[in-house]
Amino acid sequence: MIAIIGPNGCGKSTLLRTLAGLQKPLLGDIYVDNEKINKKSIQEKSKLISLVLTDPVRVGGLSVFDMVSMGRFPYTNWLGNLTAIDKEKIEEAICLMKLEEFRNRSLSELSDGERQRVMIAKALVQDTPIILLDEPTAHLDLNNRIEIITLLRSISTNTSKSIILSTHELDLALKLTNKIWLMDNNLGLFDKTPDEIINESLLDKAFQSNLFKFDTEGRVVFCY
């Protein structure tokens with residue numbers, strides 16, 4: 001589980017969209033299992049990488065089950081018919097994201113946090129080795145932010161999937177992820193463990209301010 005952190009405008013969302021193949025790299029190539037993804041078809045890419053964007057989902061008329069089932073599109077025929085295996089994976093994702101009681105509800109009846117869990121479940125049933133999430137806790141309250149990050153941590157721990165997420169939740173990123181990609185327009189990109197980020201005082205260098213600094217635990221300390 002990798003968290004991408006850094007100041008606004010440093011390119012976190014752009015990096016995720018580039019890795020997902022939604023926009024061309026300015027320089028270099030992207031490889032998955034030693035193969036360039038730009039040489040693969042859309043269907044082939046969709047079996048390698050799933051993406052959850054930050055924009056709140058506003059879709060009426062679809063149930064939770066319907067939305068999650070759309071994640072199986074790389075594997076279904078052109079009619080979208082679901083096999084027994086498809087339905088089994090959908091149910092597994094619904095249970096994993098704790099959405100059992102909502103499976104037949106309309107998305108319009110759910111809270112922002114519940115809808116975000118639906119979109120993550122949709123990414124899970126896409127059954128890709130890599131899941132990219134752009135600000136998965138945006139627009140959520142504290143309880144939902146902690147729950148989403150904790151669920152993602154559990155998924156990365158209990159499956160063979162790699163999860164890469166951009167976030168402004170520095171405290172949660174430092175406590176719950178395995179690696180940190182710290183981006184900064186001046187410093188570049190650091191690929192470090194959370195402990196290395198803290199011990200090398202990289203947060204203070206990336207988030208320079210006269211108003212606050214970071215302590216030895218990576219917590220914000222205000223300068224009065």
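Q: Which residue in strand S7 is the bridge partner of Ile-5?
A: The model is a predicted one. Strands S1 and S7 pair in the parallel sense, over 4 bridges. Within this pairing, the residue of S7 that partners Ile-5 is Leu-182.

Q: Which residue in S6 stands opposite Ile-2?
A: S1 is also joined to S6, and these strands run parallel with 3 bridges between them. Strand S6 covers residues 162-166. Opposite Ile-2, the residue in S6 is Ile-164.

Q: Are the residues Ile-2, Ala-3, Ile-4 and Ile-5 of S1 buried or exposed?
A: In a regular strand, side chains alternate between the two faces of the sheet. In S1, Ile-2 and Ile-4 lie on one side, while Ala-3 and Ile-5 lie on the other. Both faces of S1 are covered, and these four residues are all buried.

Q: Which strands stand at the edges of the sheet?
A: The open sheet is formed by 6 strands in the order S4-S5-S6-S1-S7-S8, with mixed pairing. A strand at the edge has a single partner strand, so one of its sides is left without a neighbour in the sheet. From one strand to the next, the twist averages 15°. The edge strands are S4 (49-52) and S8 (188-192).

Q: Which residue in S5 is the bridge partner of Val-52?
A: S4 pairs with S5 (residues 130-134) in the parallel sense, and 4 bridges connect them. In one of these pairs, Leu-51 has Leu-132 as its bridge partner in S5. For Val-52, the bridge partner in S5 is Leu-133.

Q: How many of the residues of S5 are buried?
A: Ile-130, Leu-132 and Asp-134 point one way from S5, and Ile-131 and Leu-133 point the other way. A residue counts as buried under 20% relative accessible area, and those on both sides of S5 are all buried. S5 is therefore largely enclosed by the rest of the structure, the count of buried residues being 5 of the 5.

Q: What is the handedness of the β-α-β crossover from S5 to S6?
A: S5 and S6 pair in the parallel sense over 5 bridges, and Asp-134 has Ser-166 as its bridge partner in S6. Between these strands the chain passes through helix H6 (residues 142-158), and the crossover is right-handed.

Q: Is Asn-143 buried or exposed?
A: Asn-143 lies in helix H6. Its C-alpha atom is separated by 15 Å from that of Arg-153, 10 residues apart from it along the chain. The cut-off for exposed is over 50% relative accessible area. Asn-143 has 62% relative accessibility, so it counts as exposed.

Q: Which strands does helix H5 touch where it packs on the sheet?
A: Another helix, H1 (residues 12-19), lies across S1, S4, S5, S6, S7 and S8, and runs at about 150° to S5. Helix H5 (residues 112-125) also packs on the sheet, and its direction makes about 170° with that of S4. The strands touched by H5 are S4 and S5.

Q: What distance does H4 reach from its first C-alpha to its last?
A: Helix H4 (residues 84-96) has 13 residues. At 1.5 Å a residue, the expected span is 18 Å. The distance in the model is close to that expectation, at 18 Å.

Q: What arc do the buried residues of H4 cover around the axis?
A: The buried residues of H4 are Asp-86, Ile-90, Ala-93 and Ile-94.

Q: Which helices do the buried residues of H4 pack against?
A: The face of H4 turned away from its buried side carries Ala-84 and Ile-85, which are exposed. The buried residues of H4 pack against two helices, H3 (64-69) and H5.

Q: What is the phi of Lys-98, which follows H4?
A: Other residues with positive phi include Glu-135, near 50°, in the loop between S5 and H6. Glu-135 counts as buried because its relative accessibility is 13%. Lys-98, after H4, also has a positive phi, near 60°.

Q: Is Ser-201 buried, partly exposed or exposed?
A: Ser-201 is in the loop between helix H8 (194-199) and helix H9 (202-206). Although it is not a glycine, Ser-201 has a positive phi of about 55°. Its relative accessibility is 35%, so Ser-201 counts as partly exposed.

Note on methods
Residues are numbered from 1 along each chain as its sequence is written. This is a predicted model: local features need pLDDT of at least 70, side-chain atom pairs count only at pLDDT 80 or more; totals for chains, interfaces and linings use all residues. Side-chain values use heavy atoms; hydrogens and water are left out. Two strands pair if DSSP finds at least two bridges between them. Axes are lines fitted to C-alpha atoms, for helices over the stretch in contact, and angles run from 0 to 180 degrees between N-to-C directions. Contact means heavy atoms within 4.5 Å. The expected span of a helix is 1.5 Å times one less than its number of residues. Buried means under 20% relative accessible area, exposed over 50%, partly exposed in between (1.4 Å probe, protein chains only). A crossover is right-handed if, with the strands pointing away from the viewer, the path from the first strand over the helix to the second runs clockwise.
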